[in-house]
Protein chains: 2
Amino acid sequence: MNAVPRGDLVPAGILGLLGTQGPTSRVDIARSLRLSPATVTQVIKDLLTRGLVEELASVPSTGGRPARLLGLVARTGVAIGAKVTADHVALVTVELDGSVRTSTVHPFDPREPASVGEILATALDDSVLGVGVGVPGSVDAQASGIVDAPTLGWHDVKLGPALRNRLGVPVLVDNDVNTLAAAERLYGVGREHSSYLVVTIGRGVGCGIVVDGAIYRGAAGGAGEIGHIPLTDDGPRCGCGAIGCLEAHIGSAGLLRAARERGVVGPRGRLATLLKAARDGDASALAVYAEAGRLLGRTLAGVVHTVDPEVVVLMGEGVDAWEFWQPGFEPALRGRLLPARRELPIVVEPWTEVQWARGAASLVLASPFDSAGTGGDQSRMVRARLGTP
Amino acid sequence: MNAVPRGDLVPAGILGLLGTQGPTSRVDIARSLRLSPATVTQVIKDLLTRGLVEELASVPSTGGRPARLLGLVARTGVAIGAKVTADHVALVTVELDGSVRTSTVHPFDPREPASVGEILATALDDSVLGVGVGVPGSVDAQASGIVDAPTLGWHDVKLGPALRNRLGVPVLVDNDVNTLAAAERLYGVGREHSSYLVVTIGRGVGCGIVVDGAIYRGAAGGAGEIGHIPLTDDGPRCGCGAIGCLEAHIGSAGLLRAARERGVVGPRGRLATLLKAARDGDASALAVYAEAGRLLGRTLAGVVHTVDPEVVVLMGEGVDAWEFWQPGFEPALRGRLLPARRELPIVVEPWTEVQWARGAASLVLASPFDSAGTGGDQSRMVRARLGTP
DNA sequence: GCCACTAATTTTAGTACCGAAATAACGGGG
DNA sequence: CCCCGTTATTTCGGTACTAAAATTAGTGGC
């Protein structure tokens with residue numbers, strides 16, 4: 001058998017691994033990146049002489065020669081992550097190890113896409129490796145960053161080029177759910193599994209698909225739009241123009257509509273009212289959530305039959321009320337899955353707004369692992385910044 | 001940038017390309033297989049000296065040096081394809097260029113899985129490169145071939161190992177729909193597109209997913225089971241045990257049930273009766289098909305939103321009546337797709353039973369291109385057989 | 001303390017590819 | 001006919017890996 005090289009990726013991959021997973025031995029690096037130990041030895045030798053990596057303590061022997069841990073020489077690199085919504089931009093700066101250093105929120109008017117650049121510029125300094133941006137819409141490619149986002153009123157907005165021009169650092173743009181999938185890959189289920197779905201419930205319903213460790217974007221960057229899976233032929237109209245989409249039923253607006261119809265909240269009531277009613281044990285409120293859970297479970301059964309993932313992760317604002325969705329969700333999902341998949345693990349992750357932005361930063365931090373070339377030249381630029389102190 | 005090698009695959013890939021696409025110039029080979037012209041020159045030099053390939057006529061110059069066509073030296077390799085059903089096994093032998101040489105059908109009792117080996121043995125001779133088998137169920141991996149097929153009453157049937165043992169040639173086993181997807185890749189839309197769905201309608205409903213030119217099988221070989229996407233909470237019970245699956249509505253049995261309910265056919269009527277009634281313009285018969293088309297269209301809209309393919313191919317026994325499905329299908333699909341995808345091309349392919357078996361043979365013929373390693377050691381063995389006269 | 005055993009790392013001797021530059025084989029314009 | 005532009009192919013000099021063998025650094029038994 002011969003080599004399976006992947007561009008100038010191995011040194012960056014090792015640096016990225018050490019940055020995200022902490023100190024690691026040569027064998028473990030080889031196993032994680034599917035390289036031969038020989039290659040790791042060679043590359044590490046180079047990184048040692050360049051002073052980017054240092055040898056740390058040995059781990060106690062397990063019967064053979066003890067492994068020598070390797071660590072990143074303290075560096076100042078950070079990534080900036082931004083999540084764009086209809087009325088604000090959330091910004092975080094994230095260390096190489098994934099910890100959030102700072103977090104801010106800025107008001108934002110989507111009619112002025114360029115102002116995203118101004119907001120990001122406030123956080124920029126020499127230590128920034130790159131900027132990741134998550135948007136609620138479809139993006140042609142991370143490295144390009146041309147956005148269609150109906151909820152922002154954006155069509156063909158050239159956000160990526162504009163930001164690169166304004167900021168002068170690598171900029172990766174992707175659908176917001178895909179950014180969460182990227183974060184999950186570095187810090188979540190992606191460490192243990194190579195194929196999974198990241199499903200978000202909240203204002204809309206989205207799904208990031210990870211296959212063999214790579215984010216699957218579809219032919220035109222539109223994969224994972226499960227919010228627009230049709231459920232019914234009548235029923236609520238969705239923002240997309242069609243009728244009876246999943247999102248129209250169980251997105252924030254759909255929940256609220258159902259709650260009003262049942263009289264749980266008044267005509268001007270808010271979701272918080274519905275949630276409070278459920279917490280107080282109101283039967284109608286519980287029924288609204290249970291019905292939403294049932295629809296989500298049934299739809300996800302279909303998605304799982306189509307994609308066959310190892311795990312499903314649930315996130316988004318909506319999981320705050322998950323305890324009330326679950327009674328409807330579990331039977332609807334499990335009862336519909338084929339026997340072979342009935343034990344599919346479902347992971348519900350606690351949620352804060354910062355997660356979105358942190359996910360966006362993960363686009364940058366995942367660049368060293370980007371052997372599929374998803375991030376194109378922008379990922380290469382991040383790697384270049386990582387390689388020279 | 002450096003090399004992107006793929007195992008000992010390049011020589012086999014070139015042979016496979018010449019076998020399936022016919023005579024090709026070096027530059028075109030390089031373009032098709034995404035290799036550098038330098039590499040092609042080197043490998044071809046070797047293949048020429050080994051007598052596996054010969055130089056043919058030049059193509060007329062298009063302004064520069066004329067390209068020299070290269071062709072396979074006449075060889076006797078064939079692949080055998082088999083499609084297993086509940087009552088028969090269809091067998092074909094297929095030439096390297098994809099043309100069907102012989103085609104036979106053998107009665108079969110699924111309670112005796114081993115008899116598949118006996119049937120295949122009748123077709124075996126020295127020229128056989130390998131055997132491909134399509135089964136109506138899920139398969140753990142092509143190169144292994146352990147089958148779960150409820151419709152055959154098979155659970156954990158070790159078909160692959162048994163056949164390899166009996167036949168002594170490489171055996172690749174896959175879900176029947178995936179075999180069609182493999183055929184499509186070599187001879188159909190796969191020549192022009194790298195991501196597509198192959199949807200079959202007939203007794204069941206299935207879907208082969210091709211992503212970046214590779215068949216996507218999911219975490220456990222169960223991807224594409226769209227027949228079990230839940231549509232309704234009441235309604236017909238499906239063979240899988242759940243209620244209201246797509247397949248229960250629009251599979252052969254579902255169609256027949258609907259036809260009986262509407263009185264189009266008698267209690268012992270058959271599908272042919274329904275089809276004939278539709279051809280005679282019977283309104284109820286047309287309504288049965290239109291409703292099936294509507295359900296299929298609505299469901300596929302959801303699948304397309306999830307997967308975002310470039311094209312969808314429709315096949316299977318059911319397409320014989322496609323003209324009657326279409327009136328329900330088109331509006332249901334297009335009306336539900338997001339605007340960006342509304343123009344999705346749908347290709348309906350004419351259908352004969354032989355297609356299934358030919359698809360199975362494609363598993364073998366695709367082995368030379370199998371850079372993803374889907375076929376494992378069995379594909380390697382096919383390549384070995386291809387490389388030594 | 002010496003030996004057998006184990007596991008991590010390094011060395012060695014390739015291999016399979018690539019990019020860039022050189023060369024070859026045409027057609028067409030003067 | 002000779003030169004030019006164009007396209008195909010080949011040559012050349014790397015590069016980035018690999019597998020297998022050798023080496024190193026521990027453990028535990030005696």
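Author: In chain A, the strands β8, β9 and β10 form an open sheet in that order, with antiparallel pairing. Strands β8 (138–139) and β10 (154–157) of chain A lie at the edges; each has a single partner strand, so one side of each is left without a neighbour in the sheet. This description, like everything that follows, refers to a predicted model. Two bridges hold the antiparallel pair formed by β8(A) and strand β9 (residues 147–149) of chain A. Within that pair, Val139(A) has Val147(A) of β9(A) as its bridge partner. As a general point, side chains in a regular strand alternate between the two faces of the sheet.

Strand β3 (residues 68–72) of chain A runs antiparallel to strand β1 (residues 24–25) of chain A, and two bridges join them. In this pairing Leu69(A) of β3(A) stands opposite Ser25(A). Strand β2 (residues 53–58) of chain A likewise pairs with β3(A) in the antiparallel sense, here over four bridges. One position in that pairing is Glu54(A), whose bridge partner in β3(A) is Gly71(A).

Strand β3 of chain A also contains Leu72(A). A residue is taken as buried when 20 or more other C-beta atoms lie within 10 Å of its own; Leu72(A) has 22 C-beta neighbours inside 10 Å and therefore counts as buried. Apart from neighbours within four places in sequence, Leu72(A) is in contact with Leu15(A), Leu18(A), Gly19(A), Val53(A) and Leu96(A). Between Leu72(A) and Val354(A) there are 282 residues in sequence and 26 Å in space, taken from C-alpha to C-alpha.

These positions may now be placed in the domain assignment. Chain A is assigned domain 1 (9–72), domain 2 (78–182 + 354–385) and domain 3 (194–309 + 317–348). The centres of domain 1 of chain A and domain 2 of chain A, taken over C-alpha atoms, are separated by 29 Å. Contact between these two domains involves nine residues of domain 1 of chain A and eight residues of domain 2 of chain A. Helix α1 (residues 9–21) of chain A supplies the largest share of the domain 1 side, namely seven residues. By class, that side of domain 1 of chain A comprises four nonpolar and five polar residues, with no charged residues.

The nonpolar core comes next. In soluble globular proteins, nonpolar side chains tend to be buried together. The largest nonpolar core here has 240 residues, of which Ala82(A) and Ala82(B) touch the most other members. When residues up to four places away in sequence are not counted, Ala82(A) touches Val89(A), Ala90(A), Leu91(A), Val116(A), Leu120(A), Val131(A), Val133(A), Ala357(A) and Ala360(A).

A further local feature concerns the backbone. Most residues other than glycine have a negative phi. Asp308(A), by contrast, has a positive phi, near 55°. Asp308(A) is located in the loop between α10 and β15 (311–315) of chain A, and because it has 25 C-beta neighbours inside 10 Å, it counts as buried. In the other chain, phi of Asp308(B) is likewise near 55°. Asp308(B) is found in the loop between α10 (283–307) and β15 (311–315) of chain B, and its 25 C-beta neighbours inside 10 Å place Asp308(B) among the buried residues.

Finally, there is the contact between the chains. On each side, 38 residues take part: 38 of chain A are in contact with 38 of chain B. The elements of chain A that give two or more residues to this side are α10 (283–307) and α11 (322–336). Helix α10(A) provides the largest share, seven residues. The side of chain A that touches chain B divides into 20 nonpolar, eleven polar and seven charged residues.

How are the two copies related? Chain A is superposed on chain B by a rotation of 180° with 0.0 Å of shift along its axis, at an RMSD of 0.1 Å. That is the relation of a two-fold axis. Both copies use the same surface, since 100% of the contact residues of chain A recur in chain B.

Conventions: Residues are numbered from 1 along each chain as its sequence is written. Chains are lettered from A and ligands numbered from 1 in the order in which they are written. This is a predicted model: local features need pLDDT of at least 70, side-chain atom pairs count only at pLDDT 80 or more; totals for chains, interfaces and linings use all residues. Two residues are in contact if their C-beta atoms, placed from the backbone, lie within 7 Å. Ala, Val, Leu, Ile, Met, Phe, Trp, Tyr, Cys and Pro count as nonpolar, Asp, Glu, Lys and Arg as charged, and the others, Gly among them, as polar. Two strands pair if DSSP finds at least two bridges between them. Copies are superposed by least squares on the C-alpha atoms of residues with pLDDT of at least 70 in both. A nonpolar core is a set of buried Ala, Val, Leu, Ile, Met, Phe, Trp, Tyr and Cys residues joined through C-beta atoms within 7 Å. A residue is buried if 20 or more other C-beta atoms lie within 10 Å of its own, exposed if 12 or fewer, and partly exposed in between; C-beta atoms are placed from the backbone. Domain bounds come from an automatic or database domain assignment.
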